[in-house]
Amino acid sequence: MDTSPPLPLAEDPPGWKSREVRLGVIMYGGVSLAIYIFGVTQELFQAVRGRGVYKLLKTLTDSDIVVDVISGTSAGGINGILLAYALCNERDISPASALWREDGDIRRLLRSPRDSIAKSTSLLDSAEYYQSRLERAFREKMASYSPEIGEDPSEFSELDLFVTATDVDGHLYTQVDDAGHPIDIKDHRTVFLLKHRKGRKEPFNRKPSYDPSADPEMTYTALATLARITSCFPAAFEPMHVKHVPEGDATPDAKLQLWGKLGKDACFMDGGVLDNKPFTYTLKAIFSRAADRAVDRKLLYIEPDPETSVKRAEASTPNLGQTVLASLIGIPGYESISDDLKLLTERNSKLRQYERLVSRLQPECEPPTPASARQGAPL
C-alpha cells in the first residue's frame, strides 16, 4: 500500500466561477430612440463589470456574465461599437452618454444656412461636427477607467462585433451553378466584422501590446467613421465613402477595408435600409463558440419600438395612395425575423436531443468536487 502523502491539486484561480452566462446581443436601428438603446448598453456593461446588483447575482449563482457577440445597425451599431470598445479596453462607457444627450442635439447637428450649396449634401453635418464628436467619445470621454470598489468583473478573451451597412453600388460577384453556368450577382448588404482575440487581434485597442507602433488616433478615426457608415440615414446624413487603399496602408480607410472585406472603392448608406434587425450574424457566431465550463447561452435583442400586429378579420382594401406606399416603402422595407427565430428553435431542439442522448449513454456519477475540497484526497 502506498502511504506517501497525496499530491496537491491546483486551486481554482481567484474569482473563478463554475458557470458562465454568455450574452449574444442584437441592437436594432432606432433613430431618435438611440438614447434608450444606450441605456440598455450601459446595463450590459455594468453586468459584465459586476457592479451593484450584478455582483450579488454573480455571487448567488456562482456565474460570470460575458458579452461575446454584438450585432448592430444604425443607432444600434453606434452603441454596439461603444460597448465593444469599452469592454475590450476596460474603459467606462458611462461618460459616452454625452454623445447622445449633448452632441446628438438636432439643433447642433443642423447645417448652417450659410453653408455653400456644394457642402449641402445632407440636412445634418456629419463630416465635420459629428465625426469629431464621435472621435472625442473614444479619445476623451472613455479615456480613463476607475474600477468601483468591490466590483466583480468577468474576464473574457474574445468578442465579435458585426456592424451592417448598405453599399450604394453593391458588391458584384459570380456564382457557378451545378451545371457550371456562371451567374452574376449583386448584393447591396455589407457587414463589417471586428474580431477581438486578446493578445492576437485587438481592433478596438488604442495601442495593442503586439504593435507598439500603432497610432491611437487611427483607431479613433476608423471607429468613428464606422459609426457614421452604419448610421448615415438617407437625406439626414451624407453617404460615406471608403477609399480603396493598399493592404497595410496606415490609414483609417485601410482598417475599414479590412473589417468589411471590401476590396474596392465603396459608398455607403445607413445599414438599416436593408438590414435593420441583424440576427443572422449573431446566431452563426454563437453556434460556433467553444467552452471550458458550463455555459448558459442567452440571445438578447434590443428593439426600441416593438411593433404590435393585430390579426384582421377581413382583408384590407387599400386606396390608390396606400397601395403605392405599401408597394414602394411599406412591404419592401418590412424585415421579418421569423427565419432567424426558426433557426434558433431548430438549434435548441438539436441541443436538447443531444443532451438526452448523452444522459442515456453516460453512467450516473456524482457532481465534480470543488478544487478546495479535493486537497489531500487519496489518488
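Arg-289 and Asp-68 form a salt bridge, and their closest N and O atoms are 3.1 Å apart. This is a predicted model, so please hear every number as computed from the prediction. Arg-289 sits in the loop between helix 9 (279–287) and strand 7 (294–302), while Asp-68 belongs to strand 2 (residues 63–72), so this contact ties together parts that are 221 residues apart in sequence.

Are these two residues buried or exposed? Buried is the word for any residue under 20% relative accessible area. Arg-289 has 16% relative accessibility, so it counts as buried. Asp-68 has 3%, so it is buried as well.

By the rule used here, the count comes to 24 salt bridges. I will show two others. One of them pairs Asp-160 with Lys-195, with the closest N and O atoms 3.8 Å apart. Asp-160 is in strand 3 (residues 158–176) and Lys-195 is in strand 4, so the pair ties together parts that are 35 residues apart in sequence. Asp-160 is buried, at 3% relative accessibility. Lys-195, by contrast, is partly exposed, at 32%.

The other one joins Asp-167 and Lys-264, and here the closest N and O atoms are 2.9 Å apart. Asp-167 also comes from strand 3, and Lys-264 from the loop between helix 8 (252–260) and strand 6, so the pair ties together parts that are 97 residues apart in sequence. Asp-167 is buried, with a relative accessible area of 2%, whereas Lys-264 is partly exposed, with 21%.

Next, the aromatic residues. A search of the whole structure finds 7 aromatic pairs. In one of them, the ring centres of Phe-192 and Phe-268 are 5.6 Å apart and the ring planes are at 65 degrees, so the pair is edge-to-face. The cut-off for that label is over 60 degrees. This pair links distant parts of the chain, with Phe-192 in strand 4 (residues 182–197) and Phe-268 in strand 6 (residues 266–269), 76 residues apart. Phe-192 counts as buried, at 0% relative accessibility, and Phe-268 is buried too, with a relative accessible area of 0%. Elsewhere, Tyr-28, Phe-279 and Tyr-301 form one aromatic cluster.

Now to helix 3, residues 75–89. How many of its residues are buried? The figure is 15 of 15, so the helix is mostly covered, taking under 20% as buried. What span should helix 3 have? At 1.5 Å a residue, its 15 residues should span 21 Å, and the end C-alpha atoms are 21 Å apart, so the two values agree. The expected span uses one less than the number of residues. After helix 3 comes Glu-90, which has a positive phi, near 55 degrees.

Last, the surface. Val-53, Leu-56, Leu-57 and Leu-60 form a nonpolar patch there, and together they have about 400 Å² of accessible area. One of these residues, Leu-56, is found in helix 2 (residues 53–61). As background, an α-helix has 3.6 residues a turn, so residues three or four places apart point the same way.

Definitions and conventions:
Residues are numbered from 1 along each chain as its sequence is written. This is a predicted model: local features need pLDDT of at least 70, side-chain atom pairs count only at pLDDT 80 or more; totals for chains, interfaces and linings use all residues. Side-chain values use heavy atoms; hydrogens and water are left out. Patches are made of residues with over 30% relative accessible area and no salt bridge: like charges are joined within 9 Å, nonpolar side chains (Val, Leu, Ile, Met, Phe, Trp, Tyr) within 5 Å. Accessible areas come from the Shrake-Rupley method with a 1.4 Å probe; for residues, only the protein chains shown count as cover. A salt bridge is a side-chain nitrogen of Lys or Arg within 4 Å of a carboxyl oxygen of Asp or Glu. Helices (H or I, at least four residues) and strands (E, at least two) are DSSP runs, numbered from the N terminus. Rings of Phe, Tyr and Trp (its six-membered ring) pair if their centres lie within 6.5 Å; planes under 30 degrees apart count as stacked, over 60 as edge-to-face and the rest as tilted. Buried means under 20% relative accessible area, exposed over 50%, partly exposed in between (1.4 Å probe, protein chains only).
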